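Hello,

Here is the structure I promised to pass on to you. Have a look at it first, and then read on for what turned up in it.

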Amino acid sequence: RFLAFGLGLSVTAVEGDGRLAGTAERFDQELLRELRKRGVPGSEGHRRTPPRRPQSPLTPRCPRHVAGRLDPAAPWGEFLLPPHPPVPGAATAARNPLGGPGGSEGGQQVVVTGLHACGDLSPALLRHFARSPAVAAVASVACCHMKLSTRPEQPACPPGYPLSAWVAGLPGHELSYRAREAACHALEEYAGRLSGQSRCLRAHCYRAILETLIRAADPGMKRPGVQTVKAAHALSFPQYARLGLPRVGLDPAAIPVDSEAVGKMLEQQHKVVAFFSLTLLLAPLVETLILLDRLLYLREQGGCRGGTGEGVAALPVPTLPLPVGFQCALIPLFDPRFSPRNLVLVAARAPLGTALAGLGEDGSEDEDTGVAQPPGAGQS
């Protein structure tokens, strides 16, 4: 919405859930009504071509919402699958919103963005960028690393990690589910909780005890999706357990949630906090490996010198300089305490120096010149 209403750009948003696409359109209409109240010119209806320099801070240009799922194995011109759940009355096959093989309806180049694109969606965006010459650039902020696939689900669909041939050739490059899950947590926020002895710390002990009870009741249940229990730190453990157990199909009445054994486990909260703290100290290393793997993948691809977007030969050993592929950079774009996934991977078919010049005041970005810089202080 900021890109469309705030900057007047042509924006197409792809949403995998058709219901959410409809909700997004309703939000757009609410904003349009507010713009009409403020007398913004052109807000009486959808405007396909906004003024080049609008007088108002907001423009009446709505984003276009398309329900569909990205197919990482398909060519760019056929990259959408039907949404899930299906949209009532919609065609069985979602139409490519860009109107052609890699370009917009008018034939212009496009920029692909993914803000907190979950799991394999972020690698899929990078793959589509690499093989679609009309996509000028990509900006990717990833999340949910634990949902990355680590082995091919089918021959035509490579895994989400590793992406690069270089990392795939490293001994011991494999990342467990637990390591990838830990990389999603906020180190900076947790440090604040530790220093302030926050009551929120007890939630980790609650979750560990709940896992123990779940395993005792059903030994075959691993990594159950309990999801977050709201304000868990303000609850007693029995209250927390009675909310969490039904989410994995267990009856709280059949499980002793206030037994003496549970009481003894609650006394071990300091050990749980210590273990979690050690995990978070290693988490930035895991996320750095995942993100550098993606940067290396882009450097392994052709594109900056008239390449086709297809892969080049992998490096058998660490060799500098890296292959001449796409121009790319990892940038800590905002305060990780606002959102722990603060690193944006930017790649383009042209040099990034001009595009990133406006960020130079922060002194926090390093355009990739063959050697990737490690995250700085305050970066997760």
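The largest nonpolar core has 22 residues, of which L126, F129, V138, Y297, L298, L345 and A347 touch the most other members. By nonpolar core I mean a set of buried Ala, Val, Leu, Ile, Met, Phe, Trp, Tyr and Cys residues joined through side-chain atoms within 4.5 Å. Two or more residues come from each of β5 (110-118), α3, β6 (135-143), α10 (269-300), β7 (327-332) and β8 (343-348), and α3 gives the most, with five residues. Apart from this core lies another one of 19 residues, including Y206, I209, V229 and F237. In soluble globular proteins, nonpolar side chains tend to be buried together.

Before going further, some notes on reading all this. This is a predicted model, in which local features need pLDDT of at least 70 and side-chain atom pairs count only at pLDDT 80 or more, while totals for chains, interfaces and linings use all residues. Residues are numbered from 1 along each chain as its sequence is written, and side-chain values use heavy atoms, with hydrogens and water left out. Helices (H or I, at least four residues) and strands (E, at least two) are DSSP runs, numbered from the N terminus. Buried means under 20% relative accessible area and exposed over 50%, with partly exposed in between (1.4 Å probe, protein chains only).

Back to F129: leaving aside neighbours within four places in sequence, F129 is in contact (heavy atoms within 4.5 Å) with V135, A136, A137, V138, L298, F326, A347, A348 and R349. R349 sits in the loop between β8 and β9 (366-367) and is buried, with a relative accessible area of 16%. A polar atom of the R349 side chain lies 2.4 Å from the backbone oxygen of F129.

Helix α3 (residues 121-130) also holds S122, which counts as buried because its relative accessibility is 0%. Not counting residues up to four places away in sequence, S122 touches A117, S140, V141, A142 and R294.

Lastly, take a look at helix α2 (residues 18-37). Its buried residues are G18, A21, A24, D28, L32 and L35. Seen down the axis of α2, they fall within an arc of 110° (from the directions of the helix axis to the C-beta atoms), so they line one face of the helix. Their cover includes α1 (2-6), β1 (12-15) and β2 (64-67), while the face turned away from the buried side carries the exposed residues R19, R26 and K37. Just after α2, G39 takes a positive phi of about 75°.

Best wishes

How values were computed:
Polar contact = N/O pair within 3.5 Å; in protein donor to acceptor, adjacent residues only side chain to side chain.
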